[in-house]
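Visitor: Please walk me through this model by question and answer. Keep it brisk.

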Amino acid sequence: MQNVLYGVNKDSPAIVMDNTANFGLIWSILKNEYPDPQPELDYSNEFELLIATILSAQCTDAQVNKVTNELFRKYTNAEALAAADLDVLEKEIYSTGFYRSKSKNIKRTSQLILSDFNGKVPNTMEELTSLPGVARKTANIVLARGFGKIEGIAVDTHVKRVSGKLGLTENTDPKKIEQDLMKLAEQKDWDDLSMTLILHGRRVCDAKKPQCTVCLVSKLCPSRLV
């Protein structure tokens, strides 16, 4: 008898088959479809990557790029953002959403980078997650893309939704989803897996209108609509 995952994720069916046995085949197909998955955020150094990723919470990368295109011209380093006027910064990042908390986190994070890390973005999970506005998702992205260190899997809303629909996890908590996916994939693939699921979620497995008819893994997906 096949195992069944009972989930409460509003983006997934209430009951989804445990499909982890098909992970290898699903991953093989998706790797072929997205051979070089890259983040769609624009940045030129580790600090810009960190700030852009903080801004990307509950916001599209396209919108973040519009904002950071001007933001990084004005604030060229941690010193500049650490000294930023909060009222002005709020207006500058307003369109990314949650602008009050994001502006406070960005300013305070910049100050801590100067005071505690000699002006450099820290490169360990423990240090990064000690910064305001930086949880494991952001830390994983910065470590992987900024420092080439693969320590986990970044779980955003797309990874949460797609992995749930594919029956690869029964959990809705990002930390638990990350642990489930880490057990399935080899460590060298963790960052690519995250980016692949993100891209698949954006381009095919849309939250409101999943394109199951063109999805290459639909026949292996217990949540398919066709």
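Guide: Contact means heavy atoms within 4.5 Å. Helices (H or I, at least four residues) and strands (E, at least two) are DSSP runs, numbered from the N terminus. This is a predicted model, in which local features need pLDDT of at least 70, side-chain atom pairs count only at pLDDT 80 or more, and totals for chains, interfaces and linings use all residues. Residues are numbered from 1 along each chain as its sequence is written, and side-chain values use heavy atoms, with hydrogens and water left out.

Visitor: Which residues of helix 5 does helix 3 meet?

Guide: On the helix 3 side, the residues are Val 67, Leu 71 and Lys 74. By class, the contact has five nonpolar, no polar and two charged residues. Here Ala, Val, Leu, Ile, Met, Phe, Trp, Tyr, Cys and Pro count as nonpolar, Asp, Glu, Lys and Arg as charged, and the others, Gly among them, as polar. The partners in helix 5 are Val 88, Leu 89, Glu 92 and Ile 93.

Visitor: Are helix 3 and helix 5 roughly parallel or roughly antiparallel?

Guide: Axes are lines fitted to C-alpha atoms, for helices over the stretch in contact, and angles run from 0 to 180 degrees between N-to-C directions. The two axes come within 10 Å and cross at roughly 150 degrees. Angles under 35 degrees count as roughly parallel, over 145 as roughly antiparallel, 65 to 115 as roughly perpendicular and the rest as oblique. Helix 3 and helix 5 are therefore roughly antiparallel.

Visitor: What does Leu 131 contact, leaving aside neighbours within four places in sequence?

Guide: Leu 131 is among the residues that touch the most other members of the core. With those neighbours set aside, its contacts are Leu 50, Thr 109, Leu 112, Ile 113, Phe 117 and Pro 122.

Visitor: How many residues does the second, separate core have?

Guide: Its members include Phe 23, Leu 168, Leu 193 and Cys 215. The number of residues in this second core is 27.

Visitor: How far apart are the closest N and O atoms of Arg 202 and Glu 40?

Guide: The pair is a salt bridge (a side-chain nitrogen of Lys or Arg within 4 Å of a carboxyl oxygen of Asp or Glu). Arg 202 lies in helix 11 (residues 190–203), and Glu 40 in the loop between helix 1 (23–33) and helix 2, 162 residues apart. Arg 202 is partly exposed at 28% relative accessibility, and Glu 40 likewise counts as partly exposed, at 32%. Their closest N and O atoms are separated by 2.6 Å.

Visitor: Which parts of the chain does the salt bridge of Glu 40 with Arg 203 tie together?

Guide: The closest N and O atoms of this pair are 3.5 Å apart. Arg 203 is partly exposed, at 47% relative accessible area. The two residues are 163 apart in sequence, so the bridge ties the loop between helix 1 and helix 2 to helix 11.

Visitor: Which residues do salt bridges with shared partners join into one network?

Guide: Another bridge, Glu 70 with Arg 73, has its closest N and O atoms 3.8 Å apart. Both residues lie in helix 3, three residues apart, about one turn of the helix. The network formed through shared partners joins Glu 40, Asp 61, Arg 202 and Arg 203.

Visitor: Is Gln 58 buried or exposed?

Guide: Gln 58 sits in the loop between helix 2 and helix 3. Its phi is positive, about 55 degrees, although the residue is not a glycine. With a relative accessible area of 60%, Gln 58 is exposed.

Key: A nonpolar core is a set of buried Ala, Val, Leu, Ile, Met, Phe, Trp, Tyr and Cys residues joined through side-chain atoms within 4.5 Å. Buried means under 20% relative accessible area, exposed over 50%, partly exposed in between (1.4 Å probe, protein chains only).
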